[in-house]
Amino acid sequence: MKKIVLTGGGTAGHVTPNIALLPRLKELGYEIHYIGSYDGIEKKLIEQCNIPYYGISSGKLRRYFDWKNFSDPFKVIKGYGQARALLRKLKPDVVFSKGGFVSVPVVLAAKHRKIPAVIHESDITPGLANKLAIPNACKVCCNFPETLKYLPADKAVLTGSPIRQELLSGSRTNGLSYCKFQSGKPVIMVIGGSSGSQFINEVVRSLLPELLKDYQVLHLCGRGNLDPSLDNTNGYAQFEYANKELADMFALADLVVSRAGANAICELLALRKPNILIPLSAHASRGDQILNARSFERQGFSMVIEEEQLSNVVLLDAIKKLFQDRRNYMAAMEKSKQFNSVETVVQLLDGLCK
């Protein structure tokens, strides 16, 4: 039996592509193990999948001054020792890393134990953790054509992001029932990210009188961001987040307004959903969402509104234009070669095992 160790953590985006690979890896008979941090979000998500989980010490390497910069390198060194011991015990044929700082000692340990390691970089420019890990990897998968120039030519592979296959089999009928919508009116789905976006929520809600004339609005507004005064608004359904029902919600949506996290937009591409991206401002991030969004815009997959330009008038005009041109966006996405990312990544892993 082939064995694989998956690693990655810190945010859900460093875990969900790993989860997307699980069904296909199990189908091929892999014995699967996961190495993450002691108590990161990845621990809960992976244990729900009934995969053996091993926690190691993890430190964050910051680009700014913080007193923890003096102690965290020792946590990384400890994590490296723990990762070496685990790999010696588990004897995997290959390691797959989705990034995050917990993955760095695992990839280093794999290199020193002569175990092939594959990294996946979601954003256009590699983050610090992956920059440290890339020299020790055999291959580096990426989502965007623009990323290839930042990677070693002999290691770079354009794969797209592994997408949970259940998202591709949602039911529009179930979505209509869940949201209590009527069947003959188009649906706009608004996604503010796992924590929601207060600014996007406010703009969308202030536009409801106009939007509800022509559309129904499905609003994933983030934990703690529900507005009880809108609970009985006809044609408007609000939820903090979605789990199993997400596939049915996507099947229901005709247009999507979303942040521009790499995994989220790759899901929109796989689902062929015309979309407006509102990337997280550069003031609140390293600017990766802006780069992600502009890449999708250049490829004809998305319309983009930067947060600083977002207003009621701008968003309403964009929605009207996107709905009119939606078939052009769907046609562009249909031509993408990044559709079957799970199979592409698994074939790469399988090849390294052999």
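Analyst: Two strands pair if DSSP finds at least two bridges between them. Helices (H or I, at least four residues) and strands (E, at least two) are DSSP runs, numbered from the N terminus.

User: What kind of model is this, and how are its residues numbered?

Analyst: The model is predicted: local features need pLDDT of at least 70, side-chain atom pairs count only at pLDDT 80 or more, and totals for chains, interfaces and linings use all residues.

User: Why are strand 3 and strand 7 said to stand at the edges?

Analyst: Their open sheet has 7 strands in the order 3-2-1-4-5-6-7, with parallel pairing. Strand 3 (53-56) and strand 7 (156-158) each have a single partner strand, so one side of each lacks a neighbour in the sheet. From one strand to the next, the twist averages 25°.

User: Which strands make up the sheet of 6, and which stand at its edges?

Analyst: This open sheet has the order 10-9-8-11-12-13, again with parallel pairing. Strand 10 (236-239) and strand 13 are the edges: each has a single partner strand, so one side of each is without a neighbour. The twist here averages 15° from strand to strand. Helix 7 (residues 198-214) packs on this sheet, touching strand 8, strand 9 and strand 10, at about 165° to strand 9.

User: What makes strand 8 a partner of both strand 9 and strand 11?

Analyst: Strand 8 has 5 bridges to strand 9 (residues 216-220) and 4 to strand 11 (residues 255-258). Both counts meet the cut-off, so both pairs hold. Ile191 shows it: opposite stand Leu220 in strand 9 and Ser258 in strand 11.

User: Why is strand 8 called mostly covered?

Analyst: In strand 8 (residues 187-191), 5 of 5 residues are buried. Buried means under 20% relative accessible area, exposed over 50%, partly exposed in between (1.4 Å probe, protein chains only). Val187, Met189 and Ile191 are buried on one side, Ile188 and Val190 on the other.

User: Why is Asp123 called buried?

Analyst: Asp123 has a relative accessible area of 13%. That is under 20%, so Asp123 counts as buried. Asp123 is in the loop between strand 5 and helix 5 (128-133). Beyond four places in sequence, its contacts include Phe144, Arg286 and Asp288.

User: What makes a nonpolar core, and which residues have the most contacts in the largest one?

Analyst: A core is a set of buried Ala, Val, Leu, Ile, Met, Phe, Trp, Tyr and Cys residues joined through side-chain atoms within 4.5 Å. The largest has 62 residues, and Met189, Ile276 and Leu315 have the most contacts inside it. Helix 11 (residues 312-334) gives the largest share, 8 residues. Another core, of 24 residues, lies apart, with Val95, Ala109, Ile119 and Cys142 among them.

Conventions. Residues numbered from 1 in each chain as written. Heavy atoms only, no water. Axes fitted to C-alpha atoms, helices over the stretch in contact; angles between N-to-C directions. Contact = heavy atoms within 4.5 Å.
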